[in-house]
Amino acid sequence: MLLDTKLSEATHCVHTGTQQLEGDRGVNSPIITSSAFDYGAGLPNQYPRYFNLPNQEAVVQKLCALEGAESGLLTSSGMSAISTVFMGLLEKGDHVIFQNNLYGGTHYFIAQMLERFGIAYTVLVGNTIAEYEEAIQPNTRLIYIETPSNPLLKITDIRAIAHLAKGKGILTMIDNTFASPINQQPIKLGIDVVIHSATKYLGGHSDICAGVIATSQELLKPIYVAAVNFGGCLDARVCYLLERSMKTLALRVQRQNENALKLAEFLEKEEQIGQVNYPGLASHPDHHLAASQMLGGFGGMLSFEIKAGPAKAEAFVAKLKVISKALSLGGVESTICSPAQTTHIKISQAERDAQGIKDELLRLSVGIEEVNDLIYDIEQALCS
Ligand SMILES: *Cc1c(COP(=O)(O)O)cnc(C)c1O
């Protein structure tokens, strides 16, 4: 079922994309487990790695409705979505501009892989539009941004990046994982390609690994060729789990937005807490910019420093009872981690220092629990 684009996100989450096969009277998409299909009669051949099975379609249609995109692909992980887009859109001799403060895995991919394919790149030091403009070279093909960024929740001006790139015939790509399509819809602001790690908010229950790509029909063509050749498709059973999860995406994210804002406000007043990074706080340097592009809310991710240093931060995390010490993010359960020990461990200390990721920084992924229980948990862990 592909519904009217004027419907709100919450309705798209529940209904759009539901597959109904002939004779099926159920309200949910059936799980089509086959990897071999009848062929002929002028129909396209169906195969999991051709990305054209009903359970893949269901997720892609929901995603496209939420992102305001013409078309998309569902892949086996967030990194697979990122690498598939690169392999589809870039070629030897191209140059890419990357924002600083990227997801650790993306940073690792750039450093390990791009040059091997003859693709040059610049990772910016700051994040002003002037710096992006200065970094443009005659062979610049793509500008890649991630906002809010991981783990410092820095905000990049999406409209300004899209405007700059369009004027020079450069493509733009964004990692929209932290915001989720409920809070931020970059294609509507002029961005060409959106990716998500669906392992995070779209999946939402910390039990699947997947990725998605949303873009125009035209750009999807070369991306699709890369996808078929690199082969990062997703099993139908996991596709179904993701479709099921996305039905509650709007509900979950709204609650996470509310909880995160209350927690950020609480943390900001706490004696033992230093810097609190959350775009919803009036004290965030880009609060107004965030409000102008995160139309649904400021998200469920925040980070903060423990004033007494890394040892105290580790002790604090160990004492938490409701909030789990865990990697990853975007689940219904609140999780906390030390970026220096986890997501950004592959980045050198010098690089982390340059980015402002201190050893006492903690990243909190706020879940859908009762917020007062989360506050109570933090209070007891700070004073004990
Ligand atoms: C987790 C994550 C990724 C990578 O996704 P995987 O599903 O782990 O491959 C990319 N970007 C961001 C912002 C992430 O949090």
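Figure 1. Buried here means under 20% relative accessible area, exposed means over 50%, and partly exposed is in between, using a 1.4 Å probe and protein chains only. This is a predicted model, where local features need pLDDT of at least 70 and side-chain atom pairs count only at pLDDT 80 or more, while totals for chains, interfaces and linings use all residues. Residues are numbered from 1 along each chain as its sequence is written, and side-chain values use heavy atoms, with hydrogens and water left out. Count up the secondary structure and you get 14 helices and 12 strands; these are DSSP runs numbered from the N terminus, H or I for helices (at least four residues) and E for strands (at least two). The chain is as compact as a globular protein of its length, because its radius of gyration of 21 Å is close to the 21 Å from the globule rule for 384 residues. That radius is taken over C-alpha atoms, and the rule is 2.2 Å times the number of residues to the power 0.38. The C-alpha trace spans about 70 × 55 × 35 Å along its principal axes. Of the contacts with a separation of 6 or more, 73% are between residues 24 or more positions apart, a contact being heavy atoms within 4.5 Å.

**Figure 2. Surface and charge of the chain.** The accessible surface comes to about 16,500 Å², and carbon and sulfur atoms hold 53% of it. These areas come from the Shrake-Rupley method with a 1.4 Å probe; for residues, only the protein chains shown count as cover. On the charge side, there are 30 positive and 40 negative side chains, and the centres of the two sets lie 3 Å apart. Lys and Arg count as positive, Asp and Glu as negative, and His and the chain ends are not counted. Each charge is placed at NZ of Lys, CZ of Arg, CG of Asp or CD of Glu.

**Figure 3. His-95, a buried histidine in a strand.** His-95 belongs to strand β2, residues 95-98, and its relative accessible area is 1%. Its side chain makes a polar contact of 2.8 Å with the side chain of Thr-140. A polar contact is a pair of N or O atoms within 3.5 Å; within protein, one must be able to donate a hydrogen and the other to accept it, and residues adjacent in sequence count only if both atoms are side-chain atoms. Leaving aside neighbours within four places in sequence, His-95 is in contact with residues including Ala-120, Tyr-121, Gln-137 and Arg-141.

**Figure 4. Helix α9 and what covers it.** In α9 (residues 236-246), the buried residues are Ala-236, Cys-239, Tyr-240, Leu-242, Glu-243, Ser-245 and Met-246. An α-helix has 3.6 residues a turn, so residues three or four places apart point the same way. The cover over the buried residues of α9 includes α1 (9-15), α2 (54-67), β1 (71-75) and α10 (249-269). Have a look at the N-terminal end of α9 too: Asp-235 caps it, with a side-chain oxygen 2.9 Å from the backbone nitrogen of Arg-237.

**Figure 5. Val-253 in helix α10.** Val-253 counts as buried, at 2% relative accessibility. Skipping neighbours within four places in sequence, Val-253 is in contact with Ser-180, Ile-182, Asn-183 and Tyr-201. Val-253 and Val-332 sit 79 residues apart in sequence, but 9.3 Å apart in space, C-alpha to C-alpha.

Figure 6. Most residues other than glycine have a negative phi, and most peptide bonds are trans. The bond joining Thr-147 and Pro-148 is cis, with omega about -5 degrees, and the one from Asn-150 to Pro-151 is cis as well, with omega near 0 degrees. Pro-148 is in the loop between β4 (140-146) and α6 (158-167), and Pro-151 is in the loop between β4 and α6. Phe-51 has a positive phi near 60 degrees; it lies in the loop between α1 and α2 and is buried at 8% relative accessible area. Ser-206 has a positive phi near 55 degrees and is found in the loop between β6 (193-197) and β7 (211-215), partly exposed at 48%.

**Figure 7. Asn-176, a buried loop residue.** Asn-176 has a relative accessible area of 0%, in the loop between β5 (171-175) and α7 (180-183). Not counting residues up to four places away in sequence, Asn-176 touches several others, among them Glu-67, Thr-147, Pro-186 and His-196. Asn-176 and Glu-146 are 30 residues apart in sequence and 6.5 Å apart in space, C-alpha to C-alpha.
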